Amino acid sequence: MLALCLLVSIGFAQSARLANISTRGQVGAGADNIFGGFVISGGPKTVLVRAIGPGLAAFGVPGTLADPKLEIFSGQAKVAENDNWNATDGASFSQVGAFPLPVDSKDAVVVATLQPGAYTAQISGNPSTGSGPPGTGVAILEVYDLGGAGQLVNIATRLAVGTGANAAVAGFVVAPGAGTRKLLVRGVGPALAAFGLGGTLPDPKLTVLDAAGGEVAVANANGGASALTTAAGQAGAFATTATDTAVIVNVAPGSYTAQLAGLSGATSGVALIEVYDVTNASGLPPAFGQSPRLFFANLRGSATGSTAAGYATVLFDPNTNTAMVSASFSNLSSAQTGAHLVLGSGAGTFVLNLPRGQVNGIPWNFPASGPYSSSAIVTALLNGEIIAQIDTAAFPAGELRSNLIAVRGSTVFTAPAAPPALPAGLLTSPSEVDAARFLIQATFGPTPATIGALRARGISGWIDDQLALPATSAVAGLNDDVTAFPNPPRSAGIDYFYYTHWNWHAAWWKTVLTAPDQLRQRVAFALSELLVVGNLSDIPVKAKVRYYDHLVSGAFGSFRQLLDNVTLSPAMGTWLSHRSNQKANPVTGTAPDENYAREVMQLFTIGLVQLQPDGTLMLDATGQPIPTYNQAMVSELAKVLTGWQFADFPENLTNVANFTAQYSRQPDQTLLSDDFTWLQPMRYYDAFHDKTAKSIVSLQQKAPLDAQATVIPAGQTGPQDLKIALDTLFNHPNTGPFVSRHLIKTLVTSNPSPAYIYRVAQVFANDGTGTRGNLGAVVRAILTDYEARSPAVLTHIGYGKIKEPLLRFSAFFRALNARALNGRYLDSYFGDPRAPGGYLPLGFMSFPINQTGQQPLYSRSVFNFFSPTYSPPGAVAAAGLVAPELEITDGSYSISIPNTLVDFLYRDVTTLPAPPSGPSPFIVLDYSAFLPNAANPVALTDQLNLIFCGGQMAPGMRAQILSALQALAPGTSDRERVQIGIHLTVVSPSGATQK
């Protein structure tokens, strides 16, 4: 507390400023001298620097440094020094309120006017004096602001921290004046090891006190917290470790003390106390941040094979026309080579180059760049045309790349008001339009028959019926297809059947076009785009289809149980490489694979940043998103996921070669029963599990280093560890909004209001019976919500969504009762002469990704076919809206999708090469439901509007289609009239969207 007692506030300042710091510590020899660094900015500054040892005797301090020597350096150059102070400098003491020194004491004092820059003050002891060993003892280093154009913005002191009364104490003064100062105070120990210092304080604890001894702040082991690293980056401070400590304090004028000691009270070592004035450290105008807008880029691997991810933000203040830029990312494939904000197509123009590594609060004043003026760059930001890009050695044109779009967030959450009541009878007696809209959302497409059935049963009753229906099994459908349509053997002499993607596609099309449990299957498909297993040849087709069955059976079940099934699936274990994951081996230097640990958090449950209960971003005090986890938590969760492999071996397995086997011991593609180990959950093998304690993601919604981690005790089995880990992710406050938002976006609308997400997330939290994660209740809440059902929302900007290409085709086929004479939904056959080599099946249904960019369980990355936050630059992004499906609607697919639809409409299957024997495999369409209206253009147009557009065809589009039908020649056949009407409808913008 001595430094606190010695500091006196100053009265001449007109505005508050950092005016003085003093640090008390033990002076040793050589590296154990006291070293103090301070920074002057803005112009010359006159300072008073004092090294006091003997002068402390009047305060009863024992063991003082008898003869301190003070030296001041700029870099390696010494700019001033003093051994015994000069009486002429005494006048400056009273000017700044410093206590007087005894006449002829051996204290040291320097008064100097210094140019802007960084300086180091060193206190050493003359070797012939001192109460302890020669040249050692307690001393105080003080630096005072004596005036001048510059500003004292930072002082740091390196010293030896002892125990008890020998803890380090620093005092600082904020001079009186208008306003407060924002200060970053740091206690640094472990991070000093990177500078070659040994014996550092391992566990610094920092306490900040006011002049009355009241506690202002206390911190330990939070040196990597987001707000602190942002402030440090703005101040130009070096990075600290998670075990260093820091606080940000907003303080009024007055005297303060910072105490630094070991957390346990028994540790000691070299440490650094730093005080930074970061009030205006961002380089932005003082008025910045009065009404900022947050722009967010969800950074995902832009190149095939990359699993890197992260996010970038721009906090833009339109009042000052300035911004603050940040970026956080991990898991890059190779060394980072650059980071930029880019404007323009292709390589574009770099409008801001960012430093490598994590970016914390870089100021951006929108200077003109290339062909773009400052105002043009601001306009581009507002229109979603600025791209955040991270370059690496493997992907020099951008491994991470995404445009910045406006998002909503808040520091304080206010629950939204309840929505208006739905029109009476809408859920029990829906109109034709209500029924068609609902079936577009809840099934793979409406038909005249299903619209009638829904109207008779009511929406609520229909959902009841669907929830009660047994699941149509994907594996059963696959088995049926292989049995009914045997594939050629792989080679001569092999007489067993094997599974292919063609069998799976034929079975999938049959289910989505004909199965009665449409709602379950529709939700399962939505879940397949959240809990992604994609295109990997190492996974047998039947294992992938069994994985899909987990989604089918879990579509109305417990999300917690679904997490178990997904995590222990050999397909997922292979896709995200936690199968055969084993504990770290210090001899070989191996560590557990982190792939699944990262993605189960990032993509499956909680996301990258903290969410409010309505799915909007939770922001910290600086207006920035708060990360949900950090790299350390990924590594810790990866330890949980050690010890699982195929269920091929006894549980006491210790053989490493068997545990790391890439393939099951059973043939990987034979027609086997369900005891095939690829189809069974992975088995736990205790010998390969990491049994150390693990600190994983916290249930507290704070920055990772500010939150209390969830601790998994040491000595547990893998299943015990996994239960705690998955329970934590399941119960995290983010999971309800995160999962609810995904399902709303895939079923109903790409831009749900926060209130809609909030209402559904509340059902995820509690289905009304106290049960959390009941997906059946969540789906019901989504489909019966005001925002899904009320006709009033249809005119809201951004309401509805682009139809996913596969769903566009499934609706087309269902509406036209598509069938093949042989009962198979493949539209081709093995031996089709149109295929290369005349061997494999060919055509859209056998491999739809070629025409649509989509195929069930065929995503090229864990990030799905498209990002849920994709927003095309321009009007959509400027409105703060997203249109995820447009990410795969490039020039090629924009042509191939309508062309393929039209080809099915008009083709003559009799011209296609028939198989050597048996019924035709080619899909034929049934127009009978539309033919009664063929001669009535108005009735036909209305029917097409209902079936293909849910009654939401744009008036202009309806007029054009009606006009075209009315203009057909009198001799046009009824079938041709229907075909032309369907053609114009399904390729129109109204046919490609749902409301």
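Me: Let's start with helix 9 and helix 22: at what angle do their axes cross?
Reply: The axes of helix 9 and helix 22 (residues 805–815) cross at roughly 60° and come within 9 Å. Helices here are DSSP runs of H or I with at least four residues, strands are runs of E with at least two, and both are numbered from the N terminus. Axes are lines fitted to C-alpha atoms, for helices over the stretch in contact, with angles from 0 to 180 degrees between N-to-C directions.

Me: What does that make helix 9 relative to helix 22?
Reply: That angle makes helix 9 oblique to helix 22. Under 35 degrees counts as roughly parallel, over 145 as roughly antiparallel, 65 to 115 as roughly perpendicular, and the rest as oblique. Helix 9 passes helix 22 in a right-handed crossing; right-handed means the near helix is turned clockwise from the far one by less than a right angle, and left-handed means anticlockwise.

Me: Which residues make the contact?
Reply: Helix 9 brings Trp508, Trp509, Val512, Leu513 and Thr514, while helix 22 brings Leu806, Phe809, Ser810, Phe813 and Arg814. Contact means heavy atoms within 4.5 Å. By class, there are 7 nonpolar, 2 polar and 1 charged residues. Ala, Val, Leu, Ile, Met, Phe, Trp, Tyr, Cys and Pro count as nonpolar, Asp, Glu, Lys and Arg as charged, and the others, Gly among them, as polar.

Me: Before I go on, where does this model come from?
Reply: It is a predicted model: local features need pLDDT of at least 70, side-chain atom pairs count only at pLDDT 80 or more, and totals for chains, interfaces and linings use all residues. Residues are numbered from 1 along each chain as its sequence is written, and side-chain values use heavy atoms, with hydrogens and water left out.

Me: Okay, big picture. How many helices and strands are there?
Reply: The protein has 28 helices and 35 strands. Its C-alpha trace spans about 120 × 65 × 55 Å along the principal axes. Of the 995 residues, 56% are buried, where buried means under 20% relative accessible area, exposed over 50%, and partly exposed in between (1.4 Å probe, protein chains only). Among contacts with a separation of 6 or more, 74% join residues 24 or more positions apart.

Me: Back to Trp509. What else does it touch?
Reply: Leaving aside neighbours within four places in sequence, Trp509 is in contact with Leu806, Phe809, Ser810, Phe813, Tyr825, Phe844, Met845 and Pro848.

Me: And which residues touch the most other members of the largest nonpolar core?
Reply: Trp509, Phe812, Phe813, Phe948 and Ile982 do, in a core of 153 residues. Helix 11 (residues 541–554) gives this core its largest share, 7 residues. There is also a second, separate core of 43 residues, which includes Val143, Val174, Leu183 and Leu201. A nonpolar core is a set of buried Ala, Val, Leu, Ile, Met, Phe, Trp, Tyr and Cys residues joined through side-chain atoms within 4.5 Å.

Me: New topic: how many residues of helix 14 are buried?
Reply: Helix 14 (residues 595–602) is mostly covered, with 8 of its 8 residues buried. Among them are Arg598 and Glu599.

Me: How about Ala436, buried or exposed?
Reply: Ala436 is buried, with a relative accessible area of 0%. Ala436 sits in helix 5 (residues 432–442) and touches Pro446, Ile451, Leu946 and Gly950, not counting residues up to four places away in sequence.

Me: Last one: what is phi at Asn321 and at Asn864?
Reply: Asn321 has phi near 55°, a positive value in a residue other than glycine, and Asn864 has phi near 75°, also positive. Most residues other than glycine have a negative phi. Asn321 lies in the loop between strand 18 (309–317) and strand 19 (322–330) and is partly exposed at 33% relative accessibility. Asn864 lies in the loop between helix 23 (849–852) and helix 24 (875–878) and counts as buried at 11%.
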